[in-house]
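Colleague: I am new to this one. Please show it to me, and then I will ask what stands behind the words used for it.

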Amino acid sequence: MQHDKTPTPAEAGTPAAPTLADRIGAVGARMHPVTWPLSLGALGLAAAALLHLVDPNEPGNYPTCPWLLLTGTFCPGCGTMRAVALLTHLDVTGALGMNPLLLLLLPYLAYSYLAWLVGTLRPRTRPLKPTPTWFLWAVLGAFVVFWIARNLPWFAFLAPGTPLLPQW
């Protein structure tokens, strides 16, 4: 007994309709590589401008940190939005009091972004060396240590809003 099988569009000679993923991939392939870092930079500047104009310290302007809301403890990112808002007002000591880890990571983030931007403008002839594994583990370890330490009573000075340096 033979089963009647209807042919698929590819077997019938008609091409299959492109999927959404195929169409998005085609659009991404047509764009210049510098589009992505410039778009992220523009988005970051727009977010910084919003934080400059709309104070995150006023209740109701932004949502509460979900981790803080659920557990009552601070995550490594708690205070980052207020720190960026203070940096837009050029208050570095206040930003340091909100999230010291952010200020330690800013030089690395700026270097990584600029390397990405320059790499899209001037493609390399040699492949990029991967980040050493020890560095990735060290950053992860620093995040975990910071996360635990800022919730211990002995390191309460790491909690968001606690001044680390005297206000001059």
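Modeller: What follows is a set of questions about terms, each answered from a value.

Colleague: What kind of model is this, and which elements does the chain have?

Modeller: This is a predicted model. The chain has eight helices and zero strands. Read from the N terminus on, the order is α-α-α-α-α-α-α-α.

Colleague: How much of the chain counts as buried?

Modeller: Of the 168 residues, 17% count as buried. The chain exposes about 12700 Å², and carbon and sulfur atoms supply 72% of that area.

Colleague: Why is Ala85 called buried?

Modeller: Buried means under 20% relative accessible area. Ala85 has 5% relative accessibility, so Ala85 counts as buried. Its place is in helix H5. Leaving aside neighbours within four places in sequence, Ala85 is in contact with Leu51 and Pro56. Ala85 and Ala95 are 10 residues apart along the chain, with 8.0 Å between their C-alpha atoms.

Colleague: What makes Leu90 exposed?

Modeller: The cut-off for exposed is over 50%. Leu90 is at 74% relative accessibility and therefore counts as exposed. Leu90 is found in the loop between H5 and H6. Its phi is near 65°, which is a positive value in a residue other than glycine.

Colleague: Why are H3 and H5 called roughly perpendicular?

Modeller: Two packed helices are described by the angle between their axes and the distance between the axes. The axes of H3 (residues 35–53) and H5 come within 8 Å and cross at roughly 85°. Angles of 65 to 115 degrees count as roughly perpendicular, so H3 is roughly perpendicular to H5.

Colleague: Which residues make the contact of H3 with H5?

Modeller: From H3 come Ala48, Leu51 and His52, and from H5 come Met81, Val84, Ala85 and Thr88. These residues divide into five nonpolar, two polar and no charged.

Colleague: At what angle do H3 and H7 pack?

Modeller: The angle is about 145°, and the axes are 8 Å apart. The contact is made by Trp36, Pro37, Leu38, Leu40 and Gly41 of H3 with Tyr113, Trp116, Leu117 and Thr120 of H7. Here the division is seven nonpolar, two polar and no charged.

Colleague: Is Leu117 buried or exposed, and how do you know that?

Modeller: The relative accessible area of Leu117 is 16%. The limit for buried is under 20%, so Leu117 is buried. Leu117 lies in helix H7. Apart from neighbours within four places in sequence, Leu117 is in contact with Val34, Pro37 and Leu38.

Colleague: How far apart are Leu117 and Pro37, in sequence and in space?

Modeller: They are 80 residues apart in sequence and 5.7 Å apart in space, C-alpha to C-alpha. For the chain, among contacts between residues at least 6 apart in sequence, 57% join residues at least 24 apart.

Colleague: Which residues form the largest nonpolar core, and what makes it a core?

Modeller: The largest nonpolar core has six residues: Ala83, Leu86, Ala95, Met98, Leu102 and Leu103. The elements that give two or more residues to this core are H5 (80–88), H6 (92–98) and H7 (100–121). A set of this kind is called a nonpolar core because its residues are buried and joined through side-chain atoms within 4.5 Å. In soluble globular proteins, nonpolar side chains tend to be buried together.

Colleague: What does Leu86 touch?

Modeller: Not counting residues up to four places away in sequence, Leu86 touches Asp91, Gly94, Ala95 and Met98.

Terms used
Residues numbered from 1 in each chain as written. Predicted model: local features only at pLDDT ≥ 70, side-chain atom pairs only at ≥ 80, totals over all residues. Heavy atoms only, no water. Buried < 20%, exposed > 50% of the residue type's maximum accessible area, 1.4 Å probe, protein only. Helix = DSSP H or I, 4+ residues; strand = E, 2+ residues; numbered from the N terminus. Contact = heavy atoms within 4.5 Å. Axes fitted to C-alpha atoms, helices over the stretch in contact; angles between N-to-C directions. Parallel < 35°, antiparallel > 145°, perpendicular 65-115°, else oblique. Nonpolar A, V, L, I, M, F, W, Y, C, P; charged D, E, K, R; others polar. Areas by Shrake-Rupley, 256 points an atom, 1.4 Å probe, with all protein chains shown as cover.
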